[in-house]
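Reader: I'm new to this one. Can you walk me through it?

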Amino acid sequence: EEIPVAFTAFMALGAYRMSRQQVLVKQPKTVESLGSATVICIDKTGTITEGRPAVTDVIPTRNSAWSGRDLLRLVGSLEASSEHPIAEAIVRAAGEQLLQLTEVDGFQSLAGRGAVAVVDGAAVLVGNQTLMEEYAVPLGDLVARAEQLAGEGKTPVYIAINGALAGLIAVADPVKSTSRAAIRELKQLGLTVVMLTGDHERTAQAVAREVGVDRVVAGVLPEGKVAEIRRLRDNGQLVAMVGDGINDAPALAQADIGFAIGSGTDIAIEASDVTLMRSDLRGVASAIKLARRTMRVMKQNLFWAFI
């Protein structure tokens with residue numbers, strides 16, 4: 001009976017030491033899993049990037065009846081009902097241009113794809129290419145423009161009004177200054193680092209190149225993130241997941257260890273095993289190092305206790 005007590009005490013000590021580094025572990029037993037992790041999956045927006053994107057381009061379609069200001073006002077009105085960082089960026093841009101936002105009817109958030117509502121009597125659809133394809137909205141020449149923007153690390157957001165493509169908005173989210181160093185540390189620890197994101201493939205690849213991530217799974221809905229984590233676990237990997245948003249909660253729950261960014265949503269924090277009080281991925285590397293050290297010292301002490 002003394003061995004499990006000692007085991008638990010060491011893990012509790014490890015959890016305490018992590019808390020002093022602003023890493024909160026809900027259950028001491030998580031320390032053991034953390035020290036054994038082999039793969040870490042990381043969401044992009046708000047985790048690798050700042051999570052405070054800004055609008056860089058508003059592009060109406062050729063011969064559109066809607067100007068750039070019209071589009072920004074309509075989309076800003078719709079996105080005022082959303083909590084997504086991209087939505088907040090669009091609302092902020094509309095405010096900076098002193099545009100008058102209006103109440104919307106029938107707002108519906110479509111996880112991992114966008115949102116829809118009625119604004120000033122017009123049915124407005126805002127989201128990614130997958131959402132436009134679901135609603136059979138022809139994208140025409142804007143696909144090439146969206147690809148170009150994505151290659152620059154920007155996220156293209158399509159806009160359809162009354163079933164017809166009206167334009168797109170590009171949003172850029174700067175990479176956190178600490179992300180590259182954090183990912184380098186994780187790779188030095190022998191972990192395989194995977195970026196999981198619902199963002200455009202080219203946007204995700206551009207960010208991955210900047211921070212040194214080797215493997216990207218892009219354009220996935222929340223259930224796609226869960227499926228990828230399940231696949232990794234079925235292949236014998238012990239998987240940690242880092243995220244901050246509502247869309248990350250199912251993946252955080254599916255992973256062996258879920259890390260939530262403390263500045264993220266309550267749902268993500270609730271679904272996680274570990275909370276990073278600072279919005280800094282280096283906390284993940286520090287937690288893994290400390291967990292490994294704790295388990296190593298514990299095993300050494302138990303060995304000498306047996307002797």
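Reader: Which residues line the largest cavity?
Author: Lys44, Thr45, Pro53, Ile86, Thr155, Val171, Asp173 and Asp199 do. On a 1 Å grid over the protein atoms alone, a cavity is a set of points where a 1.4 Å probe fits but cannot get out, and lining residues have an atom within 4 Å of a point.

Reader: What kind of model is this?
Author: The model is predicted: local features need pLDDT of at least 70, side-chain atom pairs count only at pLDDT 80 or more, and totals for chains, interfaces and linings use all residues. Numbering starts from 1 along each chain as its sequence is written, and side-chain values use heavy atoms, without hydrogens and water.

Reader: Back to the cavity. How much space lies in it?
Author: About 30 Å³ lies in the largest cavity. A search of the whole structure finds 1 cavity of 30 Å³ or more.

Reader: New topic. How many salt bridges are there?
Author: The structure holds 15. Each is a side-chain nitrogen of Lys or Arg within 4 Å of a carboxyl oxygen of Asp or Glu.

Reader: Which residue does Lys225 pair with?
Author: Asp43, with the closest N and O atoms 3.1 Å apart. Lys225 lies in helix H10 (residues 222–234) and Asp43 in strand S2 (residues 39–43), so the pair ties together parts 182 residues apart in sequence. Helices (H or I, at least four residues) and strands (E, at least two) are DSSP runs, numbered from the N terminus.

Reader: Which residues in H8 meet H9?
Author: Ser179, Arg180 and Ile183 in H8 meet Arg209, Glu210 and Val211 in H9. Contact means heavy atoms within 4.5 Å.

Note on methods:
1 Å grid on protein atoms, 1.4 Å probe; cavity = no way out; pocket = protein on both sides within 12 Å on 5 of 7 lines; lining within 4 Å. Points joined across faces, edges and corners; volume = space filled by probe spheres on them.
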